[in-house]
Protein chains: 2
Amino acid sequence: MAFPREDLPPQVRIHEVGPRDGLQNEKAVVPAEVKAEFIHRLAAAGLGTIEATSFVHPKWVPQLADAERLYPLLADLPQEVRLPVLVPNERGLDRALELGAREVAVFASATESFARANLNRTVDEALAMFEPVVCRARDEGLTVRGYLSMCFGDPWEGPVPVAQVVRVCRALDAMGCAELSLGDTIGVATPGHVTRLLSALHEAGLLASGLAVHFHDTYGQALANTLAALQAGVTTVDASAGGLGGCPYAQSATGNLATEDLVWMLHGLGIETGVDLGRLSATSVWMAEWLGRPSPSRTVRALTGTGSADHESAGSTAPSPKES
Amino acid sequence: MAFPREDLPPQVRIHEVGPRDGLQNEKAVVPAEVKAEFIHRLAAAGLGTIEATSFVHPKWVPQLADAERLYPLLADLPQEVRLPVLVPNERGLDRALELGAREVAVFASATESFARANLNRTVDEALAMFEPVVCRARDEGLTVRGYLSMCFGDPWEGPVPVAQVVRVCRALDAMGCAELSLGDTIGVATPGHVTRLLSALHEAGLLASGLAVHFHDTYGQALANTLAALQAGVTTVDASAGGLGGCPYAQSATGNLATEDLVWMLHGLGIETGVDLGRLSATSVWMAEWLGRPSPSRTVRALTGTGSADHESAGSTAPSPKES
């Protein structure tokens, strides 16, 4: 009988993406002051890395058009709270530098179709666009994260060959990205695919210590995939408070792995995160109330009793077999 | 870098519990004809084991009071489709035998609190009640499954010691149960706990081939737990079509692991199930429409576009970082 390895990491760093990835597709524009309070509450709940916003052109992501207004509202957070921001190009980097950002992230694609859809470029053209951004950010002493979308499946291309992902990862690594976040943007990955990709990256010299995983829960697979990633040595996991956000290219809009579901698993596994799950859930409920609909996180619902209409019928009838 | 073992099973048997465990807490009584059609559709989708109903006293579970009417409606199903039924005591067994059931299941508890709440007995009194049932069922040539509730956490007692679960498993095994289903009735388990319990059972001589796992998704952990169970050699997994059902004792009523989410993972892992995921999802949508609310299964929602109001805002706005 086989058992999983016992050597799971003692600690996992959660890269919280709720304020950026979680909110960016919200129709109702959330005021900068509300976003700032959200980020403060997340930090108070123990999250040490919170992706704050994105310096994209306001035309593309109106929700994040207030980056210049938001970022200064975070100045009173403790220095040890990391607040990475997305910079899609040199202009974005300029804006981030002006505000004193210390960490930035670029956003590449593993597939040609998504590079075209999202960046209007080929994969290599996108990499060429990012190279001077990464280079200059490093010259300025910033830490750079490289996001890689569509690492497992692509809505137009289907399953994505592992070798294709490895090639783009190597390019981002060679540019000087300190960390690569492997995105399952449409949520189709399963654990064996995760293991295969991480194994291929390991063989290519990209160690798990420099990798993060970014799973979506579109098909309910995010936590099982996370477990496979932990078993492969990954110690940084992206998640979104309350499960905020989603990818409009996925058939269903079910979104990011909920930070609370992740924390429940990690703490159950005896893995430290520094997160206070009660405070975090309360924060997600607060944000959900602001947005006007319940959190899709199962853990948030279970801990706070904020269910949806889906489940309203249960809870009041006989449990299970009694004697006949 | 550690990788999970490659020796996952080539095949998994899904023990479908939707018609019994999934429906039993529904307030609106589903007519026997609808249940029969549900079961026929599940069989047509490739599910080979479908728990059909329960021979409990109608007073306790009104939804399943129609067992005598339902069971004969399944007579035209192929002989190879297994249709286990729940029998809580000798009277229930009498009723099942009269109808020609070939497989039965008894329902024990790993904790005193739940044994008291659910069976109004101590754990040992419940085992004593089941013993003649199991014995006579076996004499009659029936296969007997033993369910064990609250194997990981208990709403009154908290975490359940592994040794306590092993003790009750050994008792059910000694009675002659051909299979034991380990239930995480309130959905609190995490993968390391699953591994520890299966390891302890292995050491006690209870092999994984005679075990099934029955996870609830209350905290979103069911699939990660299933992965841990597969890695420990388990090849039978309980699930409920569309994620129907739940445990009223859990704080949230989020229910059983959805069969579709399970099948997505298993097929992604290259594990055969015999299930046609499209037909199964269509069946769950049909049942959900009958019940008047969307399926909580993420895979059903993703495959069929039947989201809930939770997610209605995404899907129509800009995806992610475009150039600034």
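N120(B) lies in the loop between α5 and α6 of chain B. Helices here are DSSP runs of H or I with at least four residues, strands are runs of E with at least two, and both are numbered from the N terminus. The model is predicted: local features need pLDDT of at least 70, side-chain atom pairs count only at pLDDT 80 or more, and totals for chains, interfaces and linings use all residues. Residues are numbered from 1 along each chain as its sequence is written, chains are lettered from A and ligands numbered from 1 in the order in which they are written, and side-chain values use heavy atoms, with hydrogens and water left out.

Stay with N120(B) for a moment. Its phi is near 55°, a positive value in a residue other than glycine. Most residues other than glycine have a negative phi. N120(B) counts as exposed because its relative accessibility is 54%. The classes are buried for under 20% relative accessible area, exposed for over 50%, and partly exposed in between, with a 1.4 Å probe and protein chains only.

Now follow chain B into helix α6, residues 123-139. This helix has 17 residues and reaches 24 Å from its first C-alpha to its last. That is close to the 24 Å expected at 1.5 Å a residue, where the expected span is 1.5 Å times one less than the number of residues. α6(B) bends by about 25° at F130(B). The bend is the angle between axes fitted to the seven residues ending at a position and the seven starting there. A proline, P132(B), follows within four residues.

Several residues of α6(B) are buried, among them V123(B), L127(B), F130(B) and V134(B). What do the buried residues pack against? In chain B, they meet α4 (90-98), β5 (103-109), α5 (112-119), β6 (143-149) and α7 (162-175). After the helix comes G141(B), with a positive phi near 85°.

Next, the core. The largest nonpolar core has 194 residues. Such a core is a set of buried Ala, Val, Leu, Ile, Met, Phe, Trp, Tyr and Cys residues joined through side-chain atoms within 4.5 Å. L172(A) and L172(B) have the most contacts inside it. Leaving out residues up to four places away in sequence, L172(A) touches V106(A), A108(A), L127(A), Y147(A), L148(A), C177(A) and L180(A). Contact means heavy atoms within 4.5 Å.

β9(A), helix α8 (residues 191-203) and β10(A) make a right-handed β-α-β unit. Right-handed means that, with the strands pointing away from the viewer, the path from the first strand over the helix to the second runs clockwise.

Finally, S181(A) sits in strand β9 of chain A. S181(A) counts as buried because its relative accessibility is 0%. Beyond its neighbours within four places in sequence, its contacts include R145(A), A212(A), H214(A) and D238(A).
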